[in-house]
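Please consult the sequence and the coordinates alongside the text.

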Amino acid sequence: MKYSFPVLLALIAIPAIAENARVLDAHEHGVGELNIAVDGKTVAMEFHAPGADIVGFEYAATSAKDRAAIDAAVALLAKPLDLFVPTAAAECSVIQAGAALESEEKHDEHDHEKHSEHEAHKDHDDHAKADASHTEFHAKYTLTCGNPDALAGIDFPYFEAFENALELEVQIVTTSGAQAFEVERDRPMLDLRGVF
Amino acid sequence: MILRLAIGSLGARALTVAMTVLAIALSVALFLGVEKVRTGAKASFADTISGTDLIVGARSGSVQLLLYSVFRIGNATNNVTWESYQDIAARPEVDWIVPISLGDSHRQFRVMGTTVEFFERYKYRQGRGLEVADGALMSDLFDTVIGADVASSLGYDVDDPIVVAHGIASFSEHKDQPFRVSGILAKTGTPVDRTVIVSLEAIEAIHVDWQNGAQVPGQSTPPEVIRQMDLAPNAVTAALVGVESPLQIFALQRTINEYTAEPMLAVLPGVALQELWAIVGVAETALLSVSAMVVVTALIGMMATIFSSLNERRREMAIFRAMGAKPTTIMGLLVLEAALTAAIGALLGILLLYAGLIIAQPIIDGAFGLWLPIAAPSLRELTVLLGVVVAGAIVSLIPAFRAYRLSLTDGMMVRT
């Protein structure tokens, strides 16, 4: 009964998980993630970075100065072409861009409705309670590129904008497969020739 | 003039020179051969799975999941419940999904339960599909399709009966339900060659009379009864997923990774392969540096030969001097000789490599599923060859300088 044993375990476990799923994402200071998906002329990007990389702190913002720092960072993150610059010849422009701060609390403090709010990227600042241990900035962008074949690389002024960011783990998915890259502060560029 | 002298001088010492040339040739062939195997292995590796957007399994590590579900090596990952599998299959982003169920074996080969869609969706080497070399795909509950290596090493033909064992290398075999080989796949060079493929229902059927890993005594359900039973699977090991558009991959991956009912993991095969290669890459660098050291050893051997030849050539050098050759000419002659030796060695090395490749290519492909392409030397390889010649010339500078000093002091009469 090799197969039904895990099933039994799962049956026991499911009610417990449904009540409070204690799940946390990976969180490494200095390292952000950028996922890029390319399909024809559309480029979708997702960005995640620890609060420490972007604003230098991860406690809940209480002072006016901290709030201003977060607002400024969110405003900056909402302009992807100032942070991640594709080859000019690819003629990329922003269709949709949004950024927000999300607190990495233990998920069991929320019920699932609130969790799904997390996913929907609504007012995350409300969740940034005093007991939050980590915060993350999330952003989603949709670009359209008039000449996607000319996309030969991406420059990352991102590292100039955010001094605490050291590294970005970039994953690129196209119709021909997935590849991962590491872009570091020392060499803030990505060569995409050979990816498409 | 000096070139003619150098060639003539090498010709006069043909045997010693030939040995040196051979040593350099072998070392160069070894170095370039390692490089070929390295790049070939990397390409073969990366070509094992293509066309699949996500591999989904129980939460483990991306490399572990990839190794177990695609390469069928390493530690088994947990199973995923059929309910969760169906939840994922029902997601709007999912274009196609193929389940994989592992855990049984036939002799030394893994048995994989899946659906017929696997044969259509599994792609390797940039989108090449699986082909049936002999027979047909499974049409009956007890039909199996076997990989090319399974067929050749066990000598199976279409319609042969086979018995599937419980677990891997198990002594308790499922004797009750004899399977039949319905088809044999063409050779792919992927782990599919070493796999016995059955339907998901067949995996359940094997386990009908089994409780907690042992057969219930006295209970043996005849195949006819099993056919009537509900054989819906309880669990699968992993699933290969294709999405409608690349734009949805990351969203689907996140949904699966954050699926609360069951801890699951979705990995991008290309990225997981890269991670795996980053680990293997250390051994690869070690291998390459060892073969580089062999080249260095051969060059030092050449230097030793030149040194030992200096003494016997003192009279020759003295005659050159008497005929008006400058000490620098003597030095140049020796360096030129060494560079020529290294160049001949490098050329012979690359000839050896190609001869070896032509002979070994089909053998390596058959034995390891590793395809080494025979192509014109790459820029990198040509650089290596040029490097060997230059290194040979540089190494010879040391004995040449000694010859230069000797030729200054020695007169016609060589005092020994």
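Where in chain B is the place of R107(B)? R107(B) is in the loop between strand 3 (94-106) and strand 4 (109-114) of chain B; helices (H or I, at least four residues) and strands (E, at least two) are DSSP runs, numbered from the N terminus.

The model is predicted, so that local features need pLDDT of at least 70 and side-chain atom pairs count only at pLDDT 80 or more, while totals for chains, interfaces and linings use all residues. Residues are numbered from 1 along each chain as its sequence is written, and chains are lettered from A and ligands numbered from 1 in the order in which they are written.

**Backbone points**

Two residues other than glycine with positive phi are set out below.

| Residue | Phi | Other C-beta atoms within 10 Å |
|---|---|---|
| R107(B) | near 55 degrees | 14 atoms |
| D159(B) | about 80 degrees | 9 atoms |

With these counts R107(B) is partly exposed, whereas D159(B) is exposed. A residue is buried if 20 or more other C-beta atoms, placed from the backbone, lie within 10 Å of its own, exposed if 12 or fewer, and partly exposed in between. D159(B) belongs to the loop between helix 6 (148-154) and strand 9 (161-162) of chain B.

**The chain as a whole**

Chain B contains 13 helices and 17 strands. Its radius of gyration is 32 Å, well over the 22 Å that the globule rule gives for 416 residues, so chain B is more spread out than a compact globule. This radius is taken over C-alpha atoms, and the rule is 2.2 Å times the number of residues to the power 0.38. Along the principal axes, the C-alpha atoms of chain B fill a box of roughly 105 × 45 × 35 Å. Of the 416 residues of chain B, 38% count as buried.

The domain assignment, which is automatic or from a database, gives chain B domain 1 (2-45 + 281-410) and domain 2 (54-267). The C-alpha centres of domain 1 and domain 2 of chain B lie 52 Å apart.

**A helix pair**

Helix 2 (residues 14-46) and helix 10 (residues 269-312) of chain B pack at about 175 degrees, their axes 9 Å apart. Axes are lines fitted to C-alpha atoms over the stretch in contact, and angles run from 0 to 180 degrees between N-to-C directions. Helix 2 of chain B is therefore roughly antiparallel (over 145 degrees) to helix 10 of chain B.

Conventions: Angles under 35 degrees count as roughly parallel, over 145 as roughly antiparallel, 65 to 115 as roughly perpendicular and the rest as oblique.
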